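Me: Please examine the structure below with attention to its pockets and to one of its sheets.

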Amino acid sequence: REIAALHEIFDVRDIKTDVRITATILCPGNNEVTAQSLTDHMDTLVENIVAFVKEYGLDGVDFDWEYPDQNAQWRVYSQFIKKLNQAFDREFGDSVTIGVALASWGVGFSRSAMRAIDEVHVMAYDLFDDDGCHSTFMTGAYNPMRYFNGLQYPREQFNLGVPYYGRPVDGGAYWPSWSQVANEPDAYWSNAFPGNYTDENGNPVVIDDYYNCPSMVADKTAFALQMGLGGVMIFPLNADRPHGNPLCLTDAIRRTIEERVE
């Protein structure tokens, strides 16, 4: 139902840019289970994914395995990606794409697997500097792309990930949404806002949360354009302010692209 609704929306609207609908396939948290499942059922999985894409008229699939940590896991992941790409080529030609979510703390794909991948969604978030600031320009843009650039993959293959959520400066396991704080007078230029939490004893505590405000998001978008990247990737969309709001992060991306792309 949801996929049919998306197709209907994009068919009736005057969309000036290409819109593609892809499905994200999440992998279980246990890396050994994931690797063994791929090994034991690779042909069946490839067959089922091809059938799924065909049945629902999808334009591609993305894979979010967080996160292979052994060479053997990268080998089976590479083998799977190549086999799926071959099956897509036979069934759809070049019209269906393969994307993967990767991070700068290590990539073990083979060269042939990377050539089979159309898009890399760079998870440039949940990365902290020495002050506990989350996904700054340095930790969430420059450093990740410096790593991937060093691997000598085509830059246009990469979409720079931008977080629409914050993290406490103490690294605590909280992911507050930008929409929760995007009503402050100086929020367009400010990344840090106090977050109200409770400690292990139930006492209220205030810890600064660090976000990516519209000006930071605009800077990262300009960086992606200047670097010749394929685009930006946002996560999650429902953490943003509505379109038209002065503090809407997606509008900051759109304005930056319009200012710099003819």
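The questions and answers that follow concern a predicted model.

Me: Which residues are the closest to the centre of the largest pocket?

Reply: The largest pocket holds about 2300 Å³ of space. Its lining comprises 47 residues. Of these, the closest to the centre are Arg20, His121, Val232, Met233 and Ile234.

Me: How many charged residues does the lining of the largest pocket have?

Reply: Elements that give two or more residues to this lining include α1 (2–12), β1 (22–26), α6 (214–227) and α7 (249–260). By class, the lining has 27 nonpolar and nine polar residues, and the charged residues number eleven.

Me: Which element gives the most to the lining of the second largest pocket?

Reply: The second largest pocket has a volume of about 200 Å³. Two or more lining residues come from each of β1, α2 (31–56) and α3 (71–92). With five residues, the element that gives the most is α2.

Me: Which residue in β8 stands opposite arginine 167?

Reply: Three strands form an open antiparallel sheet in the order β6-β8-β7. The edge strands, each pairing on one side only, are β6 (167–168) and β7 (192–198). Strand β6 pairs with β8 (residues 204–210) over two bridges. In β8, the residue opposite arginine 167 is tyrosine 210.

Terms used. Residues numbered from 1 in each chain as written. Predicted model: local features only at pLDDT ≥ 70, side-chain atom pairs only at ≥ 80, totals over all residues. Heavy atoms only, no water. 1 Å grid on protein atoms, 1.4 Å probe; cavity = no way out; pocket = protein on both sides within 12 Å on 5 of 7 lines; lining within 4 Å. Points joined across faces, edges and corners; volume = space filled by probe spheres on them. Helix = DSSP H or I, 4+ residues; strand = E, 2+ residues; numbered from the N terminus. Nonpolar A, V, L, I, M, F, W, Y, C, P; charged D, E, K, R; others polar. Pairing = 2+ DSSP bridges.
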